[in-house]
Amino acid sequence: MPEAPLVRRDGGLVPRGPGWFVVNAREARWHVSDRFGRAVKFEGDEPFAQVGLNVRVLEPGEPACLYHGEESEEHFLVVAGECLLLIEGEERRLGPWDFVHCPPWVEHVLVGAGSGPCVLVAVGGRPSGEVRYPAGGIAEAHGAAAAAETDDPAEAYGPSRKRPAAYRPGDLPG
């Protein structure tokens, strides 16, 4: 298989077409959200077919997404900083090198904590789309609950959207 060329688009490099590639996270296209932090997914116009991977930077109090359960397992590794793991109605504080395994349908979300940014690596299978967003509960106090229970991501997230951006210097350690 040939190497996919990298092209600059909306503040960072993305692969164009199929193939293997190498890109530094600081040079890749990031996405920012007013509500859900900053992330780099490394994908181009087409998402990866089998596994999704992203690096996410969360400020204290900022959720990575909405509290949810889905049909595929997900994994999280805290690289720097602190966050709260809200999982199955419980709250756990995590720090550097803590790893979280979420089997299918385990309800969860991570929320930035501590006095500075938290850097996470998130990996998950590509589900066919089945997801559940419960309303209220432990996630509501952290601004990470859907307004009403739903299995529709567009309904759960409403008008909150991400936009492409360049890497923000200092977000990644090292």
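Author: Buried here means under 20% relative accessible area. Keep in mind that this is a predicted model.

Reader: Okay. Is Tyr133 buried or exposed?

Author: Buried. Its relative accessible area is 6%, and the cut-off is under 20%.

Reader: How many aromatic pairs are there?

Author: Four aromatic pairs are counted. In one of them, Tyr133 and Tyr157 have ring centres 5.7 Å apart and planes at 85 degrees, so the pair is edge-to-face.

Reader: Where do Tyr133 and Tyr157 lie in the chain?

Author: Tyr133 is in the loop between S13 and H1, and Tyr157 is in helix H1.

Reader: Which residues do ring pairs link into a cluster?

Author: Phe36, Tyr133 and Tyr157.

Reader: Switching to the surface. Which residues form the negative patch?

Author: Glu130, Glu149, Asp151, Asp152 and Glu155.

Reader: Take Glu149. Where is it found?

Author: Glu149 sits in the loop between strand S13 (131-132) and helix H1 (153-157).

Reader: And why does Glu149 count as exposed?

Author: Because its relative accessibility is 57%, and exposed means over 50%.

Reader: What about a nonpolar patch? Which residues make it?

Author: Met1, Trp20 and Val22 make a nonpolar surface patch of about 410 Å².

Reader: Where is Val22?

Author: Val22 is in the loop between strand S2 (12-15) and strand S3 (30-33). At 63% relative accessibility, Val22 counts as exposed.

How values were computed:
Residues are numbered from 1 along each chain as its sequence is written. This is a predicted model: local features need pLDDT of at least 70, side-chain atom pairs count only at pLDDT 80 or more; totals for chains, interfaces and linings use all residues. Side-chain values use heavy atoms; hydrogens and water are left out. Patches are made of residues with over 30% relative accessible area and no salt bridge: like charges are joined within 9 Å, nonpolar side chains (Val, Leu, Ile, Met, Phe, Trp, Tyr) within 5 Å. Accessible areas come from the Shrake-Rupley method with a 1.4 Å probe; for residues, only the protein chains shown count as cover. A salt bridge is a side-chain nitrogen of Lys or Arg within 4 Å of a carboxyl oxygen of Asp or Glu. Lys and Arg count as positive and Asp and Glu as negative; His and the chain ends are not counted. The place of a charge is taken as NZ of Lys, CZ of Arg, CG of Asp or CD of Glu. Helices (H or I, at least four residues) and strands (E, at least two) are DSSP runs, numbered from the N terminus. Buried means under 20% relative accessible area, exposed over 50%, partly exposed in between (1.4 Å probe, protein chains only). Rings of Phe, Tyr and Trp (its six-membered ring) pair if their centres lie within 6.5 Å; planes under 30 degrees apart count as stacked, over 60 as edge-to-face and the rest as tilted.
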